[in-house]
Amino acid sequence: TSRRRGALAVDTLINVPPLDADAARSLLLALGPTSLMISDERSCFRLLDQLGGVPLALVLAAGRLRILSVAELSERLDRSPRVLAHADGSSLHSALLSSWDTLSSSDRRVLAASAVFPDSFTLPELEVVVNSPEIDAISALDRLVDASLVLADSGRLTLLRPVREGIRAVATEAQLDDGMIPRWIEAVVARAEPDFLGFFRWEQDSIVALAGQADDIRLAARR
């Protein structure tokens with residue numbers, strides 16, 4: 001098995017999606033201290049959202065729950081994804097770093113730009129953040145999707161939350177995120193501007209569109 005799609009004609013490709021909420025909760029309850037999680041359902045749901053259904057993240061989180069409460073682990077995850085680690089040295093950070101090390105410089109830049117977005121995004125929005133005409137973002141995305149680092153669905157692109165947070169940390173260490181957040185804010189503003197004009201004219205479609213962008217707009221304002 002491999003996270004990266006092979007090139008052989010005899011390969012059998014089976015995409016393994018992230019676990020849904022029920023399956024992720026069942027796995028965490030099976031591996032972690034059940035009584036601790038049931039006693040704090042609110043923090044448990046928040047933690048599950050942070051783990052994004054990624055099996056490795058769930059297994060590592062279950063191990064950490066022997067020492068930390070659910071709320072404490074969730075709070076530490078907000079500060080650093082490195083808390084998801086095992087005593088044998090395995091961690092989500094090391095797994096992502098191994099994948100990062102196999103990427104070309106252009107693919108690293110595209111992945112770093114992808115991690116800037118708090119949710120799904122489009123290719124044109126990504127190209128604004130990448131800001132490098134010499135980089136073929138489409139080909140880079142093809143390779144990143146094949147490596148299971150980026151998810152693509154009907155023109156929308158996204159990273160699983162643990163992957164996004166981990167890649168942000170790796171990109172910061174590699175000093176590849178310089179200027180990307182201001183360009184992301186530029187993309188958010190450009191996307192929302194027509195809907196703001198429609199909002200002031202009380203156009204229903206614009207109001208609905210702005211509501212869908214509310215989280216991005218709030219985050220852009222804070223950044």
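Reply: Gladly. This is a predicted model. Start with helix 7 (residues 105-116) and helix 9 (residues 137-146): their axes come within 9 Å and cross at roughly 80°.

Me: Which residues of helix 7 and helix 9 meet?

Reply: Helix 7 brings S106, D107, V110, L111 and S114. Helix 9 answers with A137, A140, L141, R143 and L144. Of the residues in this contact, six are nonpolar, two polar and two charged.

Me: Now salt bridges. How many does a search of the whole structure find?

Reply: The search finds eight. In one of them, D78 pairs with R46, 2.3 Å from N to O. D78 sits in helix 5 (residues 70-79) and R46 in helix 3 (residues 41-51), 32 residues apart. D78 is partly exposed at 42% relative accessibility, and R46 is partly exposed at 39%.

Me: What does the salt bridge of R161 and D78 tie together?

Reply: The N to O distance for R161 and D78 is 4.0 Å. R161 lies in helix 10 (residues 161-173) and D78 in helix 5, so the pair ties together parts 83 residues apart in sequence. Shared partners join R46, D49, D78 and R161 into one network.

Me: Where do R79 and E75 lie?

Reply: Both are in helix 5, four residues apart, about one turn of the helix. R79 counts as exposed at 57% relative accessibility, while E75 is partly exposed at 47%.

Notes: Residues numbered from 1 in each chain as written. Predicted model: local features only at pLDDT ≥ 70, side-chain atom pairs only at ≥ 80, totals over all residues. Heavy atoms only, no water. Axes fitted to C-alpha atoms, helices over the stretch in contact; angles between N-to-C directions. Helix = DSSP H or I, 4+ residues; strand = E, 2+ residues; numbered from the N terminus. Contact = heavy atoms within 4.5 Å. Nonpolar A, V, L, I, M, F, W, Y, C, P; charged D, E, K, R; others polar. Salt bridge = Lys/Arg side-chain N within 4 Å of Asp/Glu carboxyl O. Buried < 20%, exposed > 50% of the residue type's maximum accessible area, 1.4 Å probe, protein only.
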